[in-house]
Amino acid sequence: LTVKSPFSNKPLSYATIVGIRRDLNVFMRKAVTLKYITDNPVSGTKIPKPPKNLDEEKVVVLTREEVQTLLRFVSGTPEECWYALIIDGTLRRGEALGLTWKDVDFDKGIIKIRNNWVEGLEGPEMTTPKSRSSERTIKLTENTMKLLRKELSRYKQCKLRDLEFHDSNRVIFMTNGAPWDPKSFYRKFKRTLTNAGLPPISMHGLRHTGITLQLEAGAKIKAVSTRAGHADTMITSNIYTHITKNMEQETVDIMSGILTKAVSL
């Protein structure tokens, strides 16, 4: 799909086209609600993805040591829970910001992804996950669950102290209880990375980090793909396996051991 910019002869980027479709979809949904039109013409349409050059594609993630540096830097603050949740659950920004306390099962140690808090035409809005596979149940580590329990306690304390508390029921919340604006949340994350002396990755890069660390630790790609909400394991495989250098070195070490033993026999 090639669409030229009205301001130049250069084609629009895929991300720009996706953004235009998203905004148009919001506008048309509002028009249906207001009964200006009967059906949303954008509904059901898809934008074909451009072919990927995996040799050139780069997914910027944090290393295991950098993740530990980040979590130590924010230890004891709400950010510790937020970033651990995103990394552990391999959540998209909208999924993390849309998570409510009703979606957390402390007895089973799981969260249910069924909301997406994203930028809309008139500001942030709650939508459903981007695809059917994105609606999923994720079991978290006990450490992340402990952090969530602390955050729930903080939520209740803030609610008791503030008579004008915005009872949003969000897991990731501002001190007054209101949900974070997605852009503001991202800016705060970027400032934290800078202050911690870490590389400037995107919010989605934090999700990529969780997926990459799982693969490097030897998790099955099917399990990682399901946990991440990918519709196909090929998505997980194509995006991540070419950047996990640790996995590649482990394979070399295994083969080296096999061949060395064979020669010495």
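Colleague: Which atoms and what distance define the contact between the side chains of R154 and E151?
Modeller: R154 and E151 meet in a salt bridge, at 2.9 Å from N to O. A salt bridge here is a side-chain nitrogen of Lys or Arg within 4 Å of a carboxyl oxygen of Asp or Glu. This is a predicted model, in which local features need pLDDT of at least 70 and side-chain atom pairs count only at pLDDT 80 or more, whereas totals for chains, interfaces and linings use all residues. Residues are numbered from 1 along each chain as its sequence is written, and side-chain values use heavy atoms, with hydrogens and water left out.

Colleague: Where do R154 and E151 lie?
Modeller: Both are in helix α5 (residues 142–161), three residues apart, about one turn of the helix. Helices (H or I, at least four residues) and strands (E, at least two) are DSSP runs, numbered from the N terminus.

Colleague: Does R154 count as buried or exposed?
Modeller: R154 counts as buried, at 18% relative accessibility. E151 is buried as well, at 5%. Buried means under 20% relative accessible area, exposed over 50%, and partly exposed in between, with a 1.4 Å probe and protein chains only.

Colleague: How many salt bridges does the structure hold?
Modeller: The structure holds ten salt bridges. One of them joins R29 to E125, with the closest N and O atoms 4.0 Å apart. R29 lies in helix α1 and E125 in strand β4 (residues 123–127), so this pair ties together parts that are 96 residues apart in sequence. R29 is partly exposed at 35% relative accessibility, and E125 is also partly exposed, at 21%.

Colleague: What is the closest N to O distance between D88 and R227?
Modeller: That salt bridge has its closest N and O atoms 3.0 Å apart. D88 belongs to helix α3 (residues 78–89) and R227 to helix α8 (residues 221–228), so parts 139 residues apart in sequence are tied together. D88 and R227 are both buried.

Colleague: Which residues are linked in a network of salt bridges?
Modeller: R92, E95 and R136 are linked in such a network.

Colleague: How many bridges join β2 to β5?
Modeller: Four bridges join strand β2 (residues 110–113) to β5, and the two run antiparallel. I110 stands opposite K139, and the bridge partner of I113 is R136.

Colleague: Next, helix α7: what span should its 14 residues have?
Modeller: At 1.5 Å a residue, α7 (residues 203–216) should span 20 Å, and its end C-alpha atoms are 20 Å apart, which agrees. The expected span is 1.5 Å times one less than the number of residues. Of the 14 residues of α7, 13 are buried, so the helix is largely enclosed by the rest of the structure. G218 follows α7 and has a positive phi, near 100 degrees.

Colleague: Which residues is L97 in contact with, leaving aside its neighbours within four places in sequence?
Modeller: L97 is in contact with W117, R170, I172, W180, P182 and F185, where contact means heavy atoms within 4.5 Å. L97 lies in helix α4 (residues 93–98) and is buried, with a relative accessible area of 1%. The C-alpha atoms of L97 and W117 are 5.7 Å apart, although 20 residues separate the two along the chain.

Colleague: Finally, how much of the 265 residues do buried residues make up?
Modeller: Buried residues make up 39% of the 265 residues. The secondary structure comes to ten helices and five strands. Among contacts between residues at least 6 apart in sequence, 58% join residues at least 24 apart.

Key:
Two strands pair if DSSP finds at least two bridges between them.
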